[in-house]
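Please walk me through this structure.

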Amino acid sequence: MTDLLEMRDVHTYIGEYHILQGVNFTAPKGQVSVLLGRNGAGKTTTLKTIMGLHPSKSGSILFEGNPIEKLPTHKIAQSGLGYVPEDQGIFATLTVEENIRVAMRDQSEATAERVDYVLKLFPDLKKFWKKDGGNLSGGQKQMLSMARAFVQDSRLLLIDEPSKGLAPVVIGKVIEAIHELKKQSTIVLVEQNFRMASLVGDTFTLIDDGRTVHTGEMGYLVENEEMKRKYLGIG
Amino acid sequence: MELLINLLINGLATGMLIFLLAAGLTLIFGLMSVLNFAHGGLFVWGAFAAVWMYATTGSFILAILGAVVTGVILGFVTEKLIITPVYGNHVQQILITLGFMLVLTEMIKVVFGPNQLAAKVPPYLAGSWEVGDVILIKYRMFIILIGFVVFGIIQFILKRTKIGLIVRAGVLNKEMVQALGNNIKQVFLFTFIAGAALAALGGALMAPYSGVVYAEMGLEFGILAFIVVVIGGMGSLPGSLMAAILVGLAGSFMAYYVPALSLAVNMILMALVLIFRPQGLFAAKG
């Protein structure tokens, strides 16, 4: 299986703090790769580094075989990466429609089809099309953020903690959405909710203190109580 | 009654001139988080460019266009040379833009001489209309009209175009705008140049209104524009319009009824807003 994204020995500093101290990670095409680790391990920084929001100091990041670590954020996004941040990044005083339009590259038929696709996938967005993004519920904001990342013709979606702060029934919908989006895009997911991670993930990468410590099939981690206890504090 | 209407029109006209200066400032502030104390310098360059163009060509329209082009050029140079190196550092922004403001002011004296210049209202905008007992001064009505037209055009761009949508989104969350594939630096440059052009337009319209232009007027109006941005809410265009009208009207009425407070009234308004609604009357919500 080809790797859509590959990080090799990536180091990132935020101010004077050395946050990522050697992250190695691959996202195989067509799969959901889950980044796991304790709070502060460096998972969110890994996604922000991929997007160029916290540029790496050293190491390489390849997307479809091309280096992207030196590109500005908008070029990285234009190359085919969509980003759903932990706080969803909804533009509160823009309508749902306007939130989607910010992400649309053009008025092409292909873009229109992608918008149609997300509106079928997330019917609530159609219902609240002319409402301000800030008035949506937490779950609807999550849907909007995922829809927005997808319509920009993303072949890789980076989704940061989509279950955070959501009710269990809403998390179920998010899981369904990720399964559906997986048919169209490769997904890298950061998730603290291990049950959700195990339900949607194909592979896992454990990050601890800014370093990659384990990587493998999700089934292996589900069975490995010691690893879960040591790196995730569960089990 | 005539007195009240005259004070109202005076206040509205002054408010519109301040609005033209504050409109660019609030968007630059809101979108780019840049404290541009050189904005008044762009205003004064617009004023002098218009006076010079009018004296040279005899065309008021060419004078206005010349001022706007001056604003565009100065805006481009300022953003590239002065602002770009200090993005994200407010202390450096204050120091370098204050310094550049002084440079712009002194350069006026080098280019146009140290003395103030007389500015004339074009003949077709001179004089007044009489409506009953009320005298409406044409040039003031013209300024009010231009102010509302400019507000309408900016609102149209912000609400109906993709670049306007990105500006509005950028005021709320710059990082996300970039992560969605939009080149925020280009949008910054566009916004800065547009703001500079508006400031220059304000200066060009101010010149015949006050009758003279002088190098230091940029500092005076720059401070008023900052007060308006604080009162209206950073990043809010309607807020700037309302606050500019409020400041213009307060100045006009106080100058007549309580002259001793006419200069202090703007500071009092700003202080009240900072105490009771520090985010401004119409702050953009993130």
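Two salt bridges are found across the interface of chain B and chain A. The model is predicted. In one salt bridge, B:Arg168 pairs with A:Glu98. The closest N and O atoms of B:Arg168 and A:Glu98 are 2.8 Å apart.

Now take the interface as a whole. On the chain B side, 18 residues are in contact with 22 residues of chain A. The size of an interface is often given as the accessible area lost when the parts come together. Here chain B and chain A bury about 1,800 Å² between them. Carbon and sulfur atoms account for 61% of that area. In chain B, the residues that lose the most area to chain A are B:Leu165, B:Met176 and B:Leu180. Together they make up 31% of what the chain B side buries.

Next, look inside chain B. Helix α2 of chain B covers residues 39-57, and helix α9 of chain B covers residues 217-232. Their axes come within 7 Å and cross at roughly 130°. An angle over 145 degrees would count as roughly antiparallel, and 65 to 115 as roughly perpendicular. α2(B) and α9(B) are therefore oblique to each other. The crossing of α2(B) past α9(B) is right-handed.

Which residues make this contact? From α2(B) come B:Gly40, B:Phe43, B:Val44 and B:Ala47. They meet B:Met217, B:Gly218, B:Phe221 and B:Gly222 in α9(B). By class, the contact of α2(B) with α9(B) has five nonpolar residues and three polar ones. No charged residues take part in it.

Methods:
Residues are numbered from 1 along each chain as its sequence is written. Chains are lettered from A and ligands numbered from 1 in the order in which they are written. This is a predicted model: local features need pLDDT of at least 70, side-chain atom pairs count only at pLDDT 80 or more; totals for chains, interfaces and linings use all residues. Side-chain values use heavy atoms; hydrogens and water are left out. Axes are lines fitted to C-alpha atoms, for helices over the stretch in contact, and angles run from 0 to 180 degrees between N-to-C directions. Helices (H or I, at least four residues) and strands (E, at least two) are DSSP runs, numbered from the N terminus. Angles under 35 degrees count as roughly parallel, over 145 as roughly antiparallel, 65 to 115 as roughly perpendicular and the rest as oblique. A crossing is left-handed if the near helix is turned anticlockwise from the far one by less than a right angle, and right-handed if clockwise. Contact means heavy atoms within 4.5 Å. Ala, Val, Leu, Ile, Met, Phe, Trp, Tyr, Cys and Pro count as nonpolar, Asp, Glu, Lys and Arg as charged, and the others, Gly among them, as polar. Buried area is the accessible area (1.4 Å probe) that two parts lose on being put together, summed over both. A salt bridge is a side-chain nitrogen of Lys or Arg within 4 Å of a carboxyl oxygen of Asp or Glu.
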